[in-house]
Amino acid sequence: MAVLLAAPLAAPAPALALAQDQAEPAAQPAPQVQQQVPVRQILVEGNQRVEADTVISYLLIQPGQVADARSINLSIQTLFATGLFSDVRIEDRGGIVVVYVAENPIINRVILEGNNALDDERISEEIQAQPRAIFTRARVQADVQRIIEVYRRSGRFAAQVTPRIAEQPQNRVDLIFEISEGPVTGIRRINFIGNERFPDRRLRGELVTEESRWWRFFSSNDNYDPDRLEYDRELLRQFYQNEGYADFRVVSAVAELTPDQEDFYVTFTVDEGDVYTFGDIAVNSQLPDISEEFLQGVLPLQSGELYRADAIEEAVDALTFATGSSGYAFVTIRPRLDRDRDNRTVNVEFVIDEGPRVYIDRIDVVGNTRTLDYVIRREMELVEGDAFNRVLIDRSRARIRRLGFFEEVEIVEAQGDSPDRANLSVQVTEQPTGELAFGAGFSSTDSFLIDLSISERNLRGRGQFLRFRISASSRRQQVDVRFTEPRFMGRNMAAGFDLFQVRSDFAREANFQTESTGFSLRAGFPVTRSTELGLTYTLRNDDVQVFAGANTALRSQAGERITSVGSYTLRWDRTNDPIQPTRGFRAEVTQSFAGFGGDVRYVRTEAVGSVYRGIWEDVVASFTFSSGFVLGWGGDDVRINDRFFKGGNSFRGFETAGVGPRVVVRDATTGALRSGDALGGRLYAIGTLEVTFPLGLPEEYGVSASAFTDFGTIGLLDEESSIAEIPGAAFTVDDLAPRVSAGVSVFWDSPFGPIRFDIAEALVNEDYDRTEFFRFSTRTGF
């Protein structure tokens, strides 16, 4: 092995020796030439891969010319500049010029040794040396610096790289980078100088850079990175300017290496300045169809308020939206700031330049590798030829997102072929729409439940929904097929059907089992932009089987009956985002009427509503309330399979069917009630307060959490299902007593699919309720 490169980066002398191929050719003594003899012939010697004619083409000397010292030196420099040669000599032998060249070798392989923290691919993306490329020492030295820079960006400032070569036959070499990575350089302390209004701890919370702590093993933000430090300067500026400090500036940001060379001290020197408020707020508009008074009214800032830089950006967005709603697509809005230092106010004038009324020339759909174009286009509320309207564009984006087929949806505007034309590009990123769902639960009474289903929400890219579910658990076996066509017969109406067979075994909960077989027909259509109406008809055969030893309240429910039920559902959605809302509300009401045919008669009403409110960035509070009531008519009581059973996912802290009316036995000695069969209730009301928040882990881990409390009640049995208390005998309890639980949920977007862990504690409950401390569920997409 011939070692050509072995110098450490800190030693400059070997680095100069490394670049001998870049030495000035003029340093070589010019050969003695005969000035008066013209060149008759040019010979090339030493070349292996490069053709002689190629070498001659780079020369400034040609046959018939006189080879003087200047032309020879320039020719040598030109040949060196090609990077093809490691040595060049030119001799004039009285009319015959001989060019001696030594070619640079070809790189056979690039080998990285000692890199454990960074993989080969990460480093190979940064360096220029590649197999079959020409080897030069100067390029290798440049690659050494690039590798060191990669390690510095990852927080390893002590990294050293030593390049070596191993000669191979046919003028080839293996290029080897020996890497000593060194320790990770962390942040020992972040200090601030000049901050009077906010303490150091508050300012550290605004930075991306963090102090090194043992528990931050998942994060790389506690490694020193000069680029991240520059970003932190901007974050400090934004924070102070949003707190009214219009003159704030970061005087300096200095990082000093600790004596042990393992960490950095980072010091920010700041000049806070004075607090400003908004002064005069004005709109100067040249748009003929929109009054300045109207535009002034949409501004989200007022005179006298604390100055905030982001309020100006919000105002520009509001004005852009307002003007776009009136058909002006490409207006220019320029905020002019006049800082009055004497009165500590900032006067703002928004200058709106007039633009032409714009019409949609073309709508392109980009990124849909699976979903057919028309599935996306039919959700657009604009078509080619319509006037540009930003409100309709935002609504179209929300409708496409609501499909649930795409991870990202953006509608980008671009100038058309003329000033009054615009093109829209609907850019989507497909996401898995198939789902393999798996659920499991562990209760306080050693109950283990499993559920499995396979579904496709975008069948053949046509937006159709198909689900085949097989549920097998300790108490439920279910097989069902569901199909939905979202645009039935090309109209804005969804239609579908369900085929199902469900067998529910409540032997442990209530000493009975049911088996239902039937079908449903469904249709749904929008009533307004934010409301939808759904219609459903279901015909099913219900068979209730009561086990031996069941109480009288259950024995009366045994038998087989046919249920014919029609229902409607009215949905109202006024959230700002269909997938992850941060404000707005949703409401849904469902009523079912059974008795038009069949053997069962009842009226069932259920309602659910949710309100969302963003508290902080990525922190969202929500309140959900659901309730239901079912009433038999025509002399019929409500059968047990038509009652409400709550618990598990619907009332965390209690197991499935663990709360509500129940058959109990009173202990003769202690007087305590022993839990028996669950009977379900005809009435329930459950509320949930929940706050969802990130856990501070890197976003790529996909982990978040929520704190919640569930509260409500369930009960109201028919008289036929109630058993009065007799000493020593079983009886029913149905007191509509309040229940309350609280806990936390952890959500993990794992490589196997979303996983959810619920940990809940029943705070207010009855002795006969069945509680559940832990529940786990997951599903995976395909």
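Predicted model: local features only at pLDDT ≥ 70, side-chain atom pairs only at ≥ 80, totals over all residues.

Colleague: What share of the contacts in the protein chain links residues 24 or more positions apart?

Modeller: Taking contacts with a separation of 6 or more, 59% are between residues 24 or more positions apart.

Colleague: Let's take helix α11. How do you know that its span agrees with its number of residues?

Modeller: Helix α11 covers residues 390-402, which is 13 residues. The expected span is 1.5 Å times one less than the number of residues, so α11 should span 18 Å. Its end C-alpha atoms are 18 Å apart, so the two values agree.

Colleague: Which residues of α11 are buried, and what covers them?

Modeller: The buried ones are Arg390, Val391, Leu392, Ile393, Ser396, Ile400 and Arg401. Their cover includes α9 (309-325) and α10 (373-377), along with the strands β14 (406-415) and β15 (421-430). Just after the helix comes Gly404, with a positive phi of about 80 degrees.

Colleague: Arg401 is on that list. Why is Arg401 called buried?

Modeller: Arg401, found in helix α11, has a relative accessible area of 14%. Buried means under 20%, so Arg401 counts as buried. Leaving aside neighbours within four places in sequence, Arg401 is in contact with Val409, Asp577, Pro578 and Ile579.

Colleague: And what makes α9 roughly perpendicular to α11?

Modeller: The axes of α9 and α11 come within 6 Å and cross at roughly 105 degrees. Angles from 65 to 115 degrees count as roughly perpendicular, so α9 and α11 get that label. On the α9 side, the contact is made by Thr320, Phe321, Gly324 and Ser325; on the α11 side, by Arg390, Val391 and Asp394. By class, that contact has 2 nonpolar, 3 polar and 2 charged residues.

Colleague: Now for a strand. Why is Ile187 called buried?

Modeller: Ile187 is in strand β7 (residues 186-193). Its relative accessible area is 0%. The cut-off for buried is under 20%, so Ile187 is buried.

Colleague: What is Ile187 in contact with, leaving aside its neighbours within four places in sequence?

Modeller: Among its contacts are Thr209, Glu210, Asp222, Tyr224, Phe264 and Val266. Then there's Glu256: it is 69 residues from Ile187 in sequence, and their C-alpha atoms are 9.9 Å apart in space.

Colleague: How about the loops? Why does Met489 count as exposed?

Modeller: Met489 is in the loop between β19 (476-485) and β20 (494-505). Its relative accessibility is 67%. Exposed means over 50%, so Met489 counts as exposed. Met489 also has a positive phi of about 55 degrees, although it is not a glycine.

Colleague: And why is Leu736 called partly exposed?

Modeller: Leu736 has a relative accessible area of 31%. Buried is under 20% and exposed is over 50%, with partly exposed in between, so Leu736 is partly exposed. Leu736 is in the loop between β31 (731-733) and β32 (739-750). Its phi is near 50 degrees, a positive value in a residue other than glycine.

Notes: Residues numbered from 1 in each chain as written. Heavy atoms only, no water. Helix = DSSP H or I, 4+ residues; strand = E, 2+ residues; numbered from the N terminus. Buried < 20%, exposed > 50% of the residue type's maximum accessible area, 1.4 Å probe, protein only. Contact = heavy atoms within 4.5 Å. Axes fitted to C-alpha atoms, helices over the stretch in contact; angles between N-to-C directions. Parallel < 35°, antiparallel > 145°, perpendicular 65-115°, else oblique. Nonpolar A, V, L, I, M, F, W, Y, C, P; charged D, E, K, R; others polar.
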